[in-house]
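Let's take a walk through this chain, from the overall build down to a few individual residues. Have the sequence and the model open as you read.

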Amino acid sequence: MKNKLSLAQGRGYLAIPGPSVMPEAVLQAMHRAAPNIYAGELVDMMPALTQDLRRVARTSHDVAIYIANGHGAWEAALSNVIAPGESVLAPASGRFTHGWAEMARGIGAEAEVIDFGKSSPWDMDRIAEALRADTARRIKAVLAVHVDTSSSIRNDIPALRALLDELDHPALLMADCIASLGCDRFEMDTWGVDVTVTASQKGLMVPPGMGFVFFNDRAQAKRAAMPRVSKYWDWAPRANPEFFYEYFGGTAPTHHLFGLRTALGMIHEEGIENVWARHERLAQAIWTACEIWSRGGALQLNVADRVCRSHAVTALRLPEGKATALRTWTEANLGLTLGIGLGMAAPDGTGRDDYFRLGHMGHLNGHMVMGVLGGIDAGLRALNVPRGEGALEAAAAVISGQA
Ligand SMILES: *Cc1c(COP(=O)(O)O)cnc(C)c1O
């Protein structure tokens, strides 16, 4: 039997919005024997590691590390500042905000969700309305997802801070930067964010398994006034440990820490401003290609306005089941794995094969983006999807800096 020709051999490329591509140096840093957790390199490297983490989040405040994914970090953050019966406000531009609100309900809080749908950023007027209506000041925190990874909307956190200040509302501003940290500009202290939640496996380029919660003095004051905080989630000993094990509430995530040490070194060697600029340019190349393909009438970008688009993930629609067909084709034929759509189909499942996402976060360069775009172009051809011409040339112009 003659084998069918496949172009999928060679290094595969996982272009999904997390876990992201890990640098070889990060993988190599993790490939080692178990270290001593009582003395030596691992213990000694912690102060500089937390300092370098703070530099990525642009904060001089505290950070607590959890052996958890993003969901764990969500719960950790809430557990320190929200008591049962208290309220949170969650302006939602996609699936992930609903998830965080559910987490808040799970610890006994009341969560008021303002749903802006799947393709729109926050409407500050509606958020203002909800905050003004809260004359009793029952809302203790606003759960702000910076980049909602399902819709690829990027929301305006400084505008939300300005609104809270203008209304003199004391609610904590809690930001989920899981998809955006190390990709989109984020300035915790300058933007007046009280609590920042993130995780290891997206812009930080480390495997899933570490969650981070940064918190300032306002958040710490709320923590101090809590009737109780679950012992394991308590951020106080983790942020200011007397003994090494207190950083992690038990055994350290040893190998993740070596990986993170290397990843943070790479980020700061490049310079965080350069990391943001790189993601911006690469995102612009992706948008340019998608906008041109979309002239054919099939492909659609979920977010119309470039200003509201994430630099880390792009959500797309390709109707009549072609999104799943495209993902299947590029994976089988090219070794290129595109992201599934998330939370975009109708509740009854209609359209579930019509959405996909491109992850472009973390360890990503120009040739990788041109490879993804070339792979999609080949897939659209193979599937006979009508598309505008010249997408790849236009993307190359953006990459080259000449667009
Ligand atoms: C990935 C992600 C999460 C969830 O993180 P997990 O590690 O999957 O628990 C939450 N919020 C945002 C914005 C994300 O991108």
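## Ground rules

This is a predicted model, so to speak of local features a pLDDT of at least 70 is needed, side-chain atom pairs count only at pLDDT 80 or more, and totals for chains, interfaces and linings use all residues. Residues are numbered from 1 along each chain as its sequence is written, and side-chain values use heavy atoms, with hydrogens and water left out.

## The whole chain

The chain has 14 helices and 14 strands. Both are DSSP runs numbered from the N terminus: helices are H or I with at least four residues, strands are E with at least two. How does the radius of gyration fit a compact globule? For 403 residues a compact globule would come out near 22 Å, and the chain has 22 Å, which agrees. That radius is taken over C-alpha atoms, and the globule rule is 2.2 Å times the number of residues to the power 0.38. Along the principal axes, the C-alpha atoms fill a box of roughly 65 × 55 × 45 Å.

Of the 403 residues, 56% count as buried, meaning under 20% relative accessible area, with exposed being over 50% and partly exposed in between (1.4 Å probe, protein chains only). Take the contacts (heavy atoms within 4.5 Å) between residues at least 6 apart in sequence: 72% of them join residues at least 24 apart. The accessible surface comes to about 16,600 Å², and 52% of it belongs to carbon and sulfur atoms; areas come from the Shrake-Rupley method with a 1.4 Å probe, and for residues only the protein chains shown count as cover.

Helix α10 takes in residues 254-270, 17 residues in total, and reaches 25 Å from its first C-alpha to its last, close to the 24 Å expected at 1.5 Å a residue. The expected span is 1.5 Å times one less than the number of residues in the helix. Its buried residues include H256, F258, L260, I267 and H268. What covers the buried residues of α10? Part of the cover comes from α1 (24-30), α2 (41-44), α3 (46-57), β10 (211-215) and α11 (272-294). Just after α10, G271 takes a positive phi of about 100 degrees.

Helix α4 (residues 70-81) has 12 residues and spans 17 Å between its first and last C-alpha, close to the expected 16 Å. It's mostly covered, with 10 of its 12 residues buried; among them are G70, W74, L78 and V81.

## V43 in α2

V43 sits in helix α2 and is partly exposed, with a relative accessible area of 22%. Setting aside neighbours within four places in sequence, V43 touches I37, Y38 and F244. The C-alpha atoms of V43 and A277 are separated by 34 Å, and these residues are 234 residues apart along the chain.

In the loop between β1 (13-15) and α1 you'll find P19, and the peptide bond from G18 to P19 is cis, with omega near 0 degrees.

Is S152 buried or exposed? At 3% relative accessibility, S152 counts as buried. It lies in the loop between β6 (147-148) and β7 (153-154) and has a positive phi of about 65 degrees although it isn't a glycine. E320 also has a positive phi, near 60 degrees, in a residue other than glycine. E320 is found in the loop between β12 (313-317) and α12 (322-334), and is exposed, with a relative accessible area of 73%.
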